[in-house]
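Open the model in a viewer and keep the sequence panel beside it. The stops below can be selected in the order given.

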Amino acid sequence: MEAVMDGVKRALILLFTLDKEVYQITLFTLKVTGTATLISVVLSLPLAFLIALKDFPGKRLIISLANLGMGLPPTVVGLWVSLMLWRSGPFGRLRLIYTPKAMIIAQAVIAAPVILALSTAALQQLDKKLRWQIMALGATPIQMLFLMIREARYSLLAAVMAGFGAAVSEVGASMMVGGNIAGYTRVLTTAIVLETGKGNFDEALALSFILLLVSYLGTLWLTLLQQRRHKDVYN
């Protein structure tokens with residue numbers, strides 16, 4: 001218990017003394033995870049619409065793979081991304097291994113299946129009669145998509161929150177493809193692993209509290225956005 005209290009005190013000191021290294025790591029964590037989440041949304045949502053609206057061979061297989069992807073171990077993702085980006089790998093010429101871009105790719109691979117699976121489930125739960133009514137009113141395909149997003153927006157925001165949470169909390173993939181290089185590829189999760197390995201438990205606890213705060217603030221923003229729109233509809 002004493003170690004936890006020391007960690008809390010250390011976290012407050014790091015935050016309120018504007019520790020340069022901690023703020024740099026925190027901002028870098030938000031940059032990497034935010035970009036990975038955004039890429040995942042851009043890739044996953046169109047595919048979720050395709051799966052939800054169209055019937056085609058292999059549809060159930062894709063859904064099952066997306067559901068399987070929700071439980072992808074970060075170390076497995078890190079291994080495969082490393083193999084792809086390694087100098088002797090298929091994309092080795094791009095020289096992305098041990099760079100922030102490699103970390104974004106790895107986190108996007110982790111977050112995308114989560115957003116895809118939950119978004120697909122959310123869109124499939126919409127009443128099919130709603131789509132027919134929208135089409136009967138003469139809406140274009142683009143207008144229909146926007147209306148469906150509006151109807152499923154609460155569940156879609158929950159899917160984005162889950163994807164963000166999966167990306168910001170992973171450590172194995174970032175460590176493997178980023179290398180945990182100080183001032184370049186170090187994020188909060190890899191910094192916690194480093195400090196724990198060195199026996200600096202108060203520093204590791206302090207960073208863990210900051211990571212929890214970052215995760216909470218990220219999901220809080222999405223939750224407020226979700227609930228505000230919910231309030232607008234029912235008031």
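Buried means under 20% relative accessible area, exposed means over 50%, and partly exposed is what lies in between. This is a predicted model.

**Stop 1: Glu21**

Select Glu21, which lies in helix 2. Its relative accessibility is 48%, so Glu21 counts as partly exposed.

**Stop 2: the whole chain**

Zoom out and colour by secondary structure. The chain has eleven helices and zero strands, and its pattern along the sequence reads α-α-α-α-α-α-α-α-α-α-α. Along the principal axes, the C-alpha atoms fill a box of roughly 65 × 55 × 25 Å. The chain has 235 residues, and 41% of them count as buried. Taking contacts between residues at least 6 apart in sequence, 74% join residues at least 24 apart.

**Stop 3: helix 2 against helix 5**

Select residues 20-53 for helix 2 and residues 100-124 for helix 5. Their axes come within 6 Å and cross at roughly 40°. Helix 2 and helix 5 are therefore oblique to each other. Their crossing is right-handed. What classes of residue make up the contact of helix 2 with helix 5? By class there are 20 nonpolar and nine polar residues, with no charged ones.

**Stop 4: helix 2 against helix 8**

The crossing of helix 2 past helix 8 is right-handed. To see the contact, show side chains for Thr29, Thr33, Thr37, Val41 and Leu45 on helix 2, and for Leu156, Val160, Phe164, Ala167 and Val168 on helix 8. Seven of the residues in this contact are nonpolar, three are polar and none is charged.

**Stop 5: helix 6 against helix 7**

Move on to helix 6, residues 128-136, and helix 7, residues 141-151. The axes of helix 6 and helix 7 come within 10 Å, and the crossing angle is roughly 145°. Helix 6 passes helix 7 in a right-handed manner. Which residues meet here, from helix 6 and from helix 7? Helix 6 supplies Leu130, Arg131, Ile134 and Met135, and helix 7 supplies Met144, Leu147 and Glu151. This contact of helix 6 with helix 7 holds five nonpolar residues, no polar ones and two charged ones.

**Stop 6: the salt bridges**

How many salt bridges does the structure hold? There are two.

Select Asp55 and Lys59 for one of them; their side chains meet at 3.1 Å, N to O. Is Asp55 buried or exposed? Its relative accessibility is 71%, so Asp55 counts as exposed. Lys59 has a relative accessible area of 13% and is therefore buried.

Then select Lys198 and Glu195, whose side chains form a salt bridge at 3.9 Å, N to O. The cut-off for a salt bridge is 4 Å. Lys198 is exposed, because its relative accessible area is 51% and exposed means over 50%. Glu195, at 13% relative accessibility, counts as buried.

Definitions and conventions:
Residues numbered from 1 in each chain as written. Predicted model: local features only at pLDDT ≥ 70, side-chain atom pairs only at ≥ 80, totals over all residues. Heavy atoms only, no water. Buried < 20%, exposed > 50% of the residue type's maximum accessible area, 1.4 Å probe, protein only. Axes fitted to C-alpha atoms, helices over the stretch in contact; angles between N-to-C directions. Helix = DSSP H or I, 4+ residues; strand = E, 2+ residues; numbered from the N terminus. Left-handed = near helix turned anticlockwise from the far one by under 90°. Contact = heavy atoms within 4.5 Å. Nonpolar A, V, L, I, M, F, W, Y, C, P; charged D, E, K, R; others polar. Parallel < 35°, antiparallel > 145°, perpendicular 65-115°, else oblique.
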